[in-house]
Amino acid sequence: MIALADCNNFYVSCERVFKPWLNEKPVIVLSNNDGCAIARSNEAKRLGIKMGAPYYQVKELCQKNRVSVFSSNYELYGDMSKRVVSILMRFTSEAEIYSIDESFLRLDQIHDQIKIAQKMRKMVLKWTGIPISIGIGPTKTLAKMANRMAKKQDTGCLVIRESEKSLIGSVKVRGVWGIGKMIEEKLKRIGIFTALDLINAPAPIIRKVGGAQLERTQKELQGLQCISIEQIPEPKKNVCCSRSFGRTVTDLEELEEAVANHAVRATQKIRKEGSLTYGLQVFIMTNRFSKDPQYSNLKTIGFDEPSDDPIRILSTAKELLRSIYRKGYSYKKAGVLLLNLRTRDQDQGLLFRDHHDEKRKRFVKALESIKNTYGTSSTFLAAQGIDRPWDMKRHRRSPRYTTNWNEIPAIGNGLDPS
Ligand SMILES: [Mg+2]
């Protein structure tokens, strides 16, 4: 059996761990640049705040109902996620970290699965403060469905066994993992409305409607495992780091700082995966919704020798940026893409490779180990800038309680300090 452990309203729950007075109060968390609501407490959902609602549209509603509003604090959420996963790992030999708040776990026990799930929930809640729901099924698709149902139950756990067709009968096809709006429409046209309809439909028809992927979903619903647990994520082919600025940027210098930061972050990502990049792309763009003159451009370069050297990638990115930068425009976004990634063991090597860069490699490794010990902001390259006035808006970000010494929580009386 496979379990899907999913943190409830994860970002909101992370905020509440350190602000217990927000329990049972409406809370939302906003996306980058404080744009849209991307996490909502149940109380906020009840007020009618929709997933992805632009903040300016619900601002009044929030003020009227005293909704607590936070900017996203990915450093905190990432660290809390790591803690949750480390506890879940105690219960399984095989796990797939599916997203920041969801993990698939293989359950080796044949009996008492609900008991195990309850134990997981209790331990995660006690050790991290994060409430989770657990759905269990013979396939990933059924575990996912069980999880949706578990959320609505007080116990927070639910098992769907193969034989329990009655349980999934009433679920609309849209509620099935992997079925989007388009497939839903197509299925409706041939009289398939529920998960049970889908289970009972002839496979050739299903293949005609949604290809092999939909057929796989059908088999999964029937209890046949078709989607395996991916313990090691596929190495990525490309990595992109980009962000909208907190305000418009016109200076080349500020753009350079932003591009330098994206280049360093992108390089960090590929180094973590043990990959090398064969190509680099830099892009810049103005705000297409504004009435100002528009300009966007990108430039790509291939490396003859693949690299994971942040300094080389950064300086090349800056060269590319300079060649596409035009004065007189208000830029809204810049980004860096690393292309054609290969794992290090796929690297062919160059006959006349420059072997003088050993010193640089050691330097980069030293920087990395300092960052690992003292946090990502402890060291950085001067090109990344210090004040970063262009950086995204996060006016409502809570402290990074668990990853920054200057922001660790102070012990109070647990009451709302405001
Ligand atoms: Mg969740």
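**Exercise 1. Find the domains: into which parts is the protein chain divided, and where do they lie?**

Solution. Start with the whole chain: it is divided into domain 1 (2–158), domain 2 (162–221) and domain 3 (239–348 + 358–384). Keep in mind that this is a predicted model. Next, take domain 1 and domain 2, whose C-alpha centres lie 26 Å apart. Then look at where they touch: eight residues of domain 1 are in contact with nine residues of domain 2. On the domain 1 side, the touching residues comprise three nonpolar, two polar and three charged ones.

**Exercise 2. Work out the strand order of the open sheet of five strands, and name its edge strands.**

Solution. Step one is the order, which reads E5-E6-E1-E7-E8, with mixed pairing. Step two is the edges: strand E5 (95–99) and strand E8 (157–159) each pair on one side only.

Now zoom in on one pair. Strand E1 (residues 2–7) and strand E7 (residues 132–137) run antiparallel and are joined by six bridges. Within this pair, alanine 3 stands opposite isoleucine 136 in E7.

**Exercise 3. Which strands do helix H4 and helix H5 lie across?**

Solution. Begin with helix H4 (residues 74–88): E1, E5 and strand E6 (102–106) are the strands it lies across, and the helix runs at about 10 degrees to E6. Move on to helix H5 (residues 113–128), which lies across E1, E7 and E8 and runs at about 160 degrees to E7.

**Exercise 4. How do the axes of helix H1 and H4 cross, and which residues meet there?**

Solution. First, the axes of helix H1 (residues 10–18) and H4 come within 10 Å and cross at roughly 95 degrees. An angle of 65 to 115 degrees counts as roughly perpendicular, so H1 is roughly perpendicular to H4. Second, list the partners: Phe10, Tyr11 and Cys14 in H1 meet Leu76, Tyr77 and Met80 in H4. Third, sort them by class, which gives six nonpolar, no polar and no charged residues.

**Exercise 5. At what angle do helix H6 and helix H10 pack, and what classes of residue make up their contact?**

Solution. Helix H6 (residues 140–151) and helix H10 (residues 203–221) have axes 7 Å apart and pack at about 70 degrees. H6 and H10 are therefore roughly perpendicular to each other. Lys140, Thr141 and Leu142 in H6 meet Thr217, Glu220 and Leu221 in H10. By class, this contact has two nonpolar, two polar and two charged residues.

Notes. Residues numbered from 1 in each chain as written. Predicted model: local features only at pLDDT ≥ 70, side-chain atom pairs only at ≥ 80, totals over all residues. Pairing = 2+ DSSP bridges. Helix = DSSP H or I, 4+ residues; strand = E, 2+ residues; numbered from the N terminus. Contact = placed C-beta atoms within 7 Å. Axes fitted to C-alpha atoms, helices over the stretch in contact; angles between N-to-C directions. Parallel < 35°, antiparallel > 145°, perpendicular 65-115°, else oblique. Nonpolar A, V, L, I, M, F, W, Y, C, P; charged D, E, K, R; others polar. Domains from an automatic or database assignment.
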